Each structure stands twice: as structure tokens, then as C-alpha cells.
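Biologist: I am new to this structure. Please walk me through how to read its salt bridges and its surface.

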Amino acid sequence: NAHGVAGSDLYFYGDIIEKESEDTYVIERGAFTSCAQPTPRWQFTASKARIKRDHHVRLHNTLLRVKSLPVFYAPFLYYPIDEQGRSTGLLLPQIGNSSFKGFIYSQGFFWAINRSMDVTLSYERFSQIGNGGSVQYRYIASDASRGQVDTFFLNDKTNESRDYTINAFANQELPGGFRAVARVDFFSSFAFQQRF
């Protein structure tokens, strides 16, 4: 019946907590959340978890609960608790429903390339429309030099088309107090833009 805090905002409790090494703890039959309320709005429960202090949590037989309602099960889950706030890894899946798109499932992967550059790759499944994917690339070279590229691709089974959007911008600081600015807005069709 132990409880504690891992990282700056990950609260946990468990039936048994064992110290495995100087910075690794094993929790049996526990739960994890970043909600500070007495009754958390959401939490992950796990049969077993291994916390590497200030780095990550590995959860086994994980169940995401919103209030007390079970929402999502995963046999294994890796949750970063790095104090820098940016860690490479899978993002939580997003699930939804739409009268136009049908059942929606999205799974993302975040890659922290370095301190000033990252990429997010996502797979998206729409039961009534088809499969899609997106790529987002961001960089910051300095306070005045930065850019971002957002792309979305869809294999639309309703009209057997392959559609896409590409949006990008860049601000680049130049010598002599000058600045170069670029913006790209490109898409496969107006119909696709209106529908998505």
C-alpha cells in the first residue's frame, strides 16, 4: 500500500514497491497518473511496472482508465518521465468516431532528433474512408530562425484516390538584419481540403 511521485508530475501507488537498484524500482499491482486530484480523471493500472528514476516507466498488462471506466489495454507500455520533457517513443493512441469518417484510430511516434529538432509520424485509420498518415517536422535554429513542415496523406477507398496536403513555413535570420520568410500551402484537390 505504497505511493509516491516519479519525475515531476507522475503520481503512483502500488501494493508492493521494491528497490531493484540505485535508480530502479519495481511496482506490483499499481497505478500511474499525472492528475493531482484525490480521484484521478485518468490513470494507467498495471500488474507490474519498472520505474527508472528521471528516465522512464515500463508497464506490463496495462489498462487505461478514465475515471473508473476501462478504455484501452496494452500488454506493454513505455512512458517517458524525462525531466527535459522530450523523449523519443510511441505516443498514446487516439480513438474517436465520426459520422463521416467512421471509427477513427490514430497512433503516433515522436522522435526527438536533438534539442532543437523533432519529427512526429502518425498512422491514421478511418473505417469509412481508408488509411492515412502524417509527418510533422519542426526545427528551431535560433530565436529568429525556425520552421515546420506538416504533411497528411490519405488513401481514400470511397473514391479510390490518393490525396495529400503539404503545409510548411520557415523564418531564416540573414546577415545585416535581413530575414527570409517562406510559406508553402499545397494540396491535391479542393474537394479533399473541404472534406478533411
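Biologist: Which side chain does Arg 29 meet in a salt bridge?

Modeller: First, the general idea. Side chains of opposite charge can pair when their charged atoms come close. Now the case here, in a predicted model. The side chain of Arg 29 meets that of Asp 15, at 2.8 Å from N to O. Arg 29 sits in strand S3 (residues 24-33) and Asp 15 in strand S2 (residues 10-21), so this pair ties together parts that are 14 residues apart in sequence.

Biologist: Is Arg 29 buried, partly exposed or exposed?

Modeller: Arg 29 is partly exposed, with a relative accessible area of 46%. Asp 15 is also partly exposed, at 42%.

Biologist: How many salt bridges does the model have?

Modeller: The count is three. Another of them joins the side chains of Glu 20 and Arg 50, again 2.8 Å from N to O. Glu 20 lies in strand S2 and Arg 50 in strand S4 (residues 42-52), so the pair ties together parts that are 30 residues apart in sequence. Glu 20 is partly exposed, with a relative accessible area of 48%. Arg 50 is partly exposed too, at 28%.

Biologist: Which residue forms a salt bridge with Arg 138?

Modeller: Asp 118 does, with the closest N and O atoms 2.8 Å apart. Arg 138 is in strand S11 and Asp 118 in strand S10 (residues 117-126), so parts that are 20 residues apart in sequence are tied together.

Biologist: Why is Asp 118 called buried?

Modeller: Use the cut-off: buried means under 20% relative accessible area. Asp 118 has 4%, so it is buried.

Biologist: Now the surface. Which residues make the nonpolar surface patch?

Modeller: To read a patch, look for nonpolar side chains within 5 Å of each other, on residues with over 30% relative accessible area. Here, Leu 90, Phe 109, Trp 111, Ile 113, Leu 121 and Val 135 make a patch of about 510 Å².

Biologist: Which strand gives the largest share of the nonpolar patch?

Modeller: Strand S9 (residues 102-114) does, with three residues.

Biologist: And where is Val 135?

Modeller: Val 135 is in strand S11 (residues 130-140). Val 135 has a relative accessible area of 33%, which means partly exposed. A patch residue needs over 30%, so Val 135, at 33%, passes that cut-off.

Terms used:
Residues are numbered from 1 along each chain as its sequence is written. This is a predicted model: local features need pLDDT of at least 70, side-chain atom pairs count only at pLDDT 80 or more; totals for chains, interfaces and linings use all residues. Side-chain values use heavy atoms; hydrogens and water are left out. Patches are made of residues with over 30% relative accessible area and no salt bridge: like charges are joined within 9 Å, nonpolar side chains (Val, Leu, Ile, Met, Phe, Trp, Tyr) within 5 Å. Accessible areas come from the Shrake-Rupley method with a 1.4 Å probe; for residues, only the protein chains shown count as cover. A salt bridge is a side-chain nitrogen of Lys or Arg within 4 Å of a carboxyl oxygen of Asp or Glu. Helices (H or I, at least four residues) and strands (E, at least two) are DSSP runs, numbered from the N terminus. Buried means under 20% relative accessible area, exposed over 50%, partly exposed in between (1.4 Å probe, protein chains only).
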